[in-house]
Amino acid sequence: AARTRDISESTILCSRWAFPKDQGLGNGTREHTSSIMDIMDVTGAHAPLSTDMVFEGPEKKLEVYFKPTQRANGLRQYSAPVWSELLVDAACTILSVKGNDEFDAYLLSESSLFVYPYRVVLKTCGTTTLLLVLPKLLRMVEELGSSLELLQYGHLRYKFPEQQVFPHGSFMEERDYLIDLFGEVTECELGPRDCSWSMLSVSKEPSEANEPSVYRTPPTSPPGGDDILEIAMEGLALDVCALFCRASAPSAESVYGASGATPVERELATRMTVASGLRELLPGVEIDDWAFEPCGYSMNGLRDGYYYTVHITPEPAFSYASFETNDPSYRDTEYVRRIVRAFAPSLAVVTLTTRRIGCELPAYELDGLERSALDLRRLGAHASVCCATFFAKEDKNAHQKPEQPFAKSQCLATLEPRGEMVQVS
């Protein structure tokens, strides 16, 4: 196994809804004024959801490959403050950083950043402005004497699209922004209209003033870690939602026994990781997790050159969870089944983004869900994306998303761990 090194860790206490527009690492955030209880009604009736009571769980995801140069460390030579300055443009901050011999993993106030020598994966939720980081990122790459090989950007449809700001006001606006930067963009949408997955791809350098665009050909046989599996889930089971709320999170005794204690700063997040089954699902993975106030959860994982990341928005009215990794073993049917089972959603969208032509997703059969769509699209000449959409079966009842937000009494219940996850060899 690669040697693991803890680069740094901030002590920011960040709100679950933090949208800093001009801060960097370690600076303050603006807290959201309502808690999870504000969107629930004791009688079980719908409470009105104002714009300050909702949170956009589905993440925007940017993956960029650059041409390797003589500098072995590439983009990893830039320190956390440099990345913090870049993230100002995305309206998010760094909470924690860990790294190993292969890459650095930044846990953010809104999701995650993974930095390899010549590859960057940035994933942000909420009303972040992810694409605005590109000009700074391209300048950083230029300083290394490198250039763009492949850019892929995508996301599940927004649940609250009216809250998004430039350049994310619409899929067309996102596309036009990339066209302004790069001149030519491949686009596609996959899956049913009400839960579609949108993708944009660029496989050339930005156009320069007096020079034609230059196409770069990605490797024909990339390492297994070049392909990314994402599982986006909505309508989580109520007991799962409660696991990731501070008021109803499992106690230390229920997870570790009477003696179990971890450092105070991380204890709650660690309990959530164990009780949800995520710890057992990720054997041998170094986990960096975070519990938000008043609810919500994020996690980065590192093992050799593979990253793993989980992000959870547990508010029942708009619950969402995502699991993502570049570890090819997690495409195995049994792993995907257990990931989905841990969250018991009413909707699951599984995507595989590859640096080659063709879809490699197995014919998954997921508990309580039935597949409604399977789509494959090419992303230019050298990449493709496959997307499978699953909805709850009509007879699903125990874990189906309720018509009403659940009552306060349910949220305050203390839950036991959900049991071990079966490991796949």
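Predicted model: local features only at pLDDT ≥ 70, side-chain atom pairs only at ≥ 80, totals over all residues.
Visitor: Which residues in H1 are buried?

Guide: Ala80, Trp83, Ser84, Leu86, Leu87 and Val88. Trp83 and Leu86 also belong to the H1 side that meets H2.

Visitor: What covers the buried residues of H1?

Guide: The cover includes strands S3, S4, S5 and S6, along with helix H2. S3 spans 94–100, and H2 spans 134–143.

Visitor: What comes between H1 and S3?

Guide: A loop, and Ala91 sits in it. Ala91 has a positive phi of about 65 degrees, although it is not a glycine.

Visitor: Is Ala91 buried or exposed?

Guide: Buried. Its relative accessibility is 3%, so Ala91 falls under the 20% cut-off.

Visitor: Now peptide bonds. Where is a cis one?

Guide: Between Phe166 and Pro167, where omega is about 5 degrees. Pro167 lies in the loop between S7 and helix H3 (171–182). Another cis peptide bond joins Glu293 and Pro294, with omega about 0 degrees. Pro294 is in the loop from strand S11 (286–291) to strand S12 (297–303).

Visitor: Switching to cavities. How many of 30 Å³ or more turn up?

Guide: Three, in a search of the whole structure.

Visitor: How much space lies in the second largest cavity?

Guide: About 50 Å³.

Visitor: What lines the second largest cavity?

Guide: Lys61, Glu63, Gln152, Tyr153, Gly154, His155, Trp197, Met199, Glu230 and Thr353. Strands S2 (60–66), S7 (148–156) and S9 (197–202) are the elements that give two or more residues to this lining.

Visitor: Which element gives the largest share of that lining?

Guide: S7, with four residues.

Visitor: And the lining by class: how many nonpolar, polar and charged?

Guide: Three nonpolar, four polar and three charged.

Visitor: Is Glu63 buried or exposed?

Guide: Buried. Glu63 has 1% relative accessibility, so it is under the 20% cut-off.

Visitor: What polar contact does the side chain of Glu63 make?

Guide: There is one with the side chain of Tyr65, at 2.7 Å. The side chains of Glu63 and Arg119 are also joined by a polar contact, at 2.8 Å.

Visitor: Leaving aside neighbours within four places in sequence, what is Glu63 in contact with?

Guide: Arg119, Val120 and Val121 make one run of partners. Leu150, Leu151 and Gln152 make another. Asp226 and Ile228 complete the list. Gln152 also lines the second largest cavity, as Glu63 does.

Technical notes: Residues numbered from 1 in each chain as written. Heavy atoms only, no water. 1 Å grid on protein atoms, 1.4 Å probe; cavity = no way out; pocket = protein on both sides within 12 Å on 5 of 7 lines; lining within 4 Å. Points joined across faces, edges and corners; volume = space filled by probe spheres on them. Nonpolar A, V, L, I, M, F, W, Y, C, P; charged D, E, K, R; others polar. Buried < 20%, exposed > 50% of the residue type's maximum accessible area, 1.4 Å probe, protein only. Polar contact = N/O pair within 3.5 Å; in protein donor to acceptor, adjacent residues only side chain to side chain. Contact = heavy atoms within 4.5 Å.
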